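Student: I'm new to this one. Could you walk me through how to read it?

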Amino acid sequence: MPAAVGLDRRVVPLEDGFQDVIGKAARGLGLADEALARDAGVSLEEVRRSMRGEFDEGVIRRLAPVLHLGGDALVALGKGDYRPRDPGPIPGFLALHTRWTDMIVNAYLAWDLRSQEAAAFDTGGDCDEMLGAIRDRGLRLRAIFLTHTHGDHIAALARLKEETGARSYVGDREPIPGAEPFAAGAEFCLGSLSIRTLLTSGHSPGGITYLVSGGSRLLAIVGDSLFAGSMGGGNVSYAEALRNNREKVLALPAETVICPGHGPLTSVAEEREHNPFFAS
Ligand SMILES: [Fe+2]
């Protein structure tokens with residue numbers, strides 16, 4: 001599949017529909033369809049139709065509290081009413097939407113406007129567009145920071161390192177060859193940018209959120225920990241994923257730009273209000 005060169009970030013679709021959110025919550029809570037139907041007072045067939053993406057507001061409003069999801073937010077997602085506000089141009093920052101198999105995977109570049117020193121966050125499915133952006137802007141890529149090590153996020157790591165000579169860093173709970181491990185809490189500097197690291201495990205064993213400050217906007221590069229209107233599945237621990245998102249990401253200043261591994265950019269304010277997992 002060709003690279004998604006020039007894919008406009010304003011048209012990147014949400015990663016998940018309401019049915020994905022319901023499925024992730026049910027799996028995370030260990031609730032079988034039968035138990036969900038019983039506790040919500042709906043039929044098994046109604047649960048299964050919802051899981052297939054057939055939207056019925058009455059059913060969704062009954063399922064939401066059993067799944068500990070915000071009913072209004074889940075309904076808005078189901079009606080297609082939720083779309084996070086685009087943060088607009090951010091000097092010294094670029095979102096790249098790459099293709100990997102049938103998915104769109106995000107990677108990011110942030111750089112110090114004075115020194116033109118840059119850091120990449122994940123590589124996405126391929127790094128053609130990232131390499132072009134580095135070349136066009138005269139940036140020097142110093143570091144490649146990995147949010148987690150699922151294949152779609154690190155697919156181009158070897159090539160990006162080879163073409164740029166940048167060093168690569170990964171959280172020490174997910175060590176991989178070719179990346180230097182660090183313990184969450186470590187801080188990195190890139191010119192006037194400071195990069196703090198927070199452990200946001202749950203989707204993966206050692207997922208890292210990179211908090212980039214000192215640029216034009218505060219950025220939280222979260223990988224698959226959180227999406228606009230959803231979150232990555234709690235493959236390792238659903239409870240841990242929820243807690244980390246709530247306590248570490250959504251506790252950041254409201255205007256923080258959230259840069260997820262899939263789907264559009266969003267903000268802490270938007271997700272506190274509109275993400276069904278966190279909106280009360
Ligand atoms: Fe992932």
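Student: Which residues does Leu67 touch, leaving out residues up to four places away in sequence?

Tutor: Contact means heavy atoms within 4.5 Å. By that rule, Leu67 touches Ile22, Ala25, Ala26, Leu29, Leu31 and Leu36. This is a predicted model: local features need pLDDT of at least 70, side-chain atom pairs count only at pLDDT 80 or more, and totals for chains, interfaces and linings use all residues. Residues are numbered from 1 along each chain as its sequence is written, and side-chain values use heavy atoms, with hydrogens and water left out.

Student: Which members of the largest nonpolar core touch the most other members?

Tutor: A nonpolar core is a set of buried Ala, Val, Leu, Ile, Met, Phe, Trp, Tyr and Cys residues joined through side-chain atoms within 4.5 Å. Buried means under 20% relative accessible area, exposed over 50%, partly exposed in between (1.4 Å probe, protein chains only). Here the largest core has 38 residues, and Leu63, Leu67 and Phe277 touch the most other members.

Student: Is Ser230 buried or exposed?

Tutor: Ser230 is buried, with a relative accessible area of 0%. Among the residues Ser230 touches, not counting those up to four places away in sequence, are Asp16, Lys24 and Phe277.

Student: Why is strand β9 called largely enclosed?

Tutor: Strands (E, at least two residues) are DSSP runs, like helices (H or I, at least four), numbered from the N terminus. For β9 (residues 208–213), 5 of the 6 residues are buried, so the rest of the structure largely encloses this strand.
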